[in-house]
Amino acid sequence: MPPRSQLLQDRSLRSRAALVAAAEELWSDRAVHEVKVAEICEAAEVAKGLFYFYFEGREALAADLFAADADRVADAVEAAIAARATFDELLRTAVTTLVRRAQRRPRHVLA
């Protein structure tokens, strides 16, 4: 059996991931400001205090999602650079990756 600290860390990571996933789902239908923190917590099945342990507010969570999107675009562009892509191919890769993310989470990406 893993040590207690590892079990707590795993549970913590799952709780944070559940909050992010719940926010993504709720924000796919409604704007960030239309969804209350309590709704995100209820959907994630975590206590409201835990939300504030990870995020200062909804805007901080939205910023976290923006950062994750930017990381995915950067990873895609880096892979294209490693493959010696042309500038047009790099631009197409960046835009395509960002559009795919926007299609999955239109409210927070376009807000």
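Predicted model: local features only at pLDDT ≥ 70, side-chain atom pairs only at ≥ 80, totals over all residues.

A: Let me start with a definition: accessible areas come from the Shrake-Rupley method with a 1.4 Å probe, and for residues only the protein chains shown count as cover. On that basis the protein chain exposes about 7400 Å², with carbon and sulfur atoms supplying 56% of it.

Q: Thanks. How many helices and strands does the protein chain have?
A: The protein chain has six helices and zero strands. Helices (H or I, at least four residues) and strands (E, at least two) are DSSP runs, numbered from the N terminus.

Q: And what share of the residues is buried?
A: Buried residues make up 31% of the 111 residues in the protein chain. Buried means under 20% relative accessible area, exposed means over 50%, and partly exposed is in between (1.4 Å probe, protein chains only).

Q: What about contacts between residues 24 or more positions apart?
A: Those account for 55% of the contacts in the protein chain with a separation of 6 or more. Contact here means heavy atoms within 4.5 Å.

Q: On to the inside. Which residues of the largest nonpolar core touch the most other members?
A: That core has 18 residues, and the ones touching the most other members are Leu19, Trp27, Ile40, Cys41, Phe51, Phe55 and Leu61. H1, helix H2 (37–44) and H4 are the elements that give two or more residues to this core. H1 gives the most, with six residues. For the rule, a nonpolar core is a set of buried Ala, Val, Leu, Ile, Met, Phe, Trp, Tyr and Cys residues joined through side-chain atoms within 4.5 Å.

Q: What does Phe55 touch?
A: Leaving out residues up to four places away in sequence, Phe55 touches Arg16, Leu19, Val20, Ala60, Leu61 and Asp64. There is also a second, separate core of five residues, including Val73, Ala80, Leu90 and Ala94.

Q: I spotted Arg16 and Asp64 in that list. How far apart are their closest N and O atoms?
A: They are 3.1 Å apart, and Arg16 forms a salt bridge with Asp64. Arg16 lies in helix H1 and Asp64 in helix H4 (residues 58–82), so the pair ties together parts that are 48 residues apart in sequence. Arg16 is partly exposed at 27% relative accessibility, and Asp64 is partly exposed at 29%.

Q: What's the cut-off there, and how many salt bridges are there?
A: A salt bridge is a side-chain nitrogen of Lys or Arg within 4 Å of a carboxyl oxygen of Asp or Glu. By this rule the count comes to three salt bridges. One of them joins the side chains of Arg30 and Glu39, at 2.7 Å from N to O. Arg30 has a relative accessible area of 27%, so Arg30 is partly exposed. Another links Asp69 with Arg72, where the closest N and O atoms are 3.9 Å apart.

Q: Where do Asp69 and Arg72 lie?
A: Both lie in helix H4, three residues apart, which is about one turn of the helix.

Q: Is Asp69 buried or exposed?
A: Asp69 counts as buried, because its relative accessibility is 2%.

Q: Which other residues in H4 are buried?
A: Along with Asp69, the buried residues in H4 are Leu61, Ala62, Leu65, Val73, Ala76, Val77 and Ala80.

Q: Over to H5. What does Thr97 touch?
A: Thr97 lies in helix H5 and touches Arg72, Val73 and Ala76, not counting residues up to four places away in sequence. Thr97 is buried, with a relative accessible area of 13%.

Definitions and conventions
Residues numbered from 1 in each chain as written. Heavy atoms only, no water.
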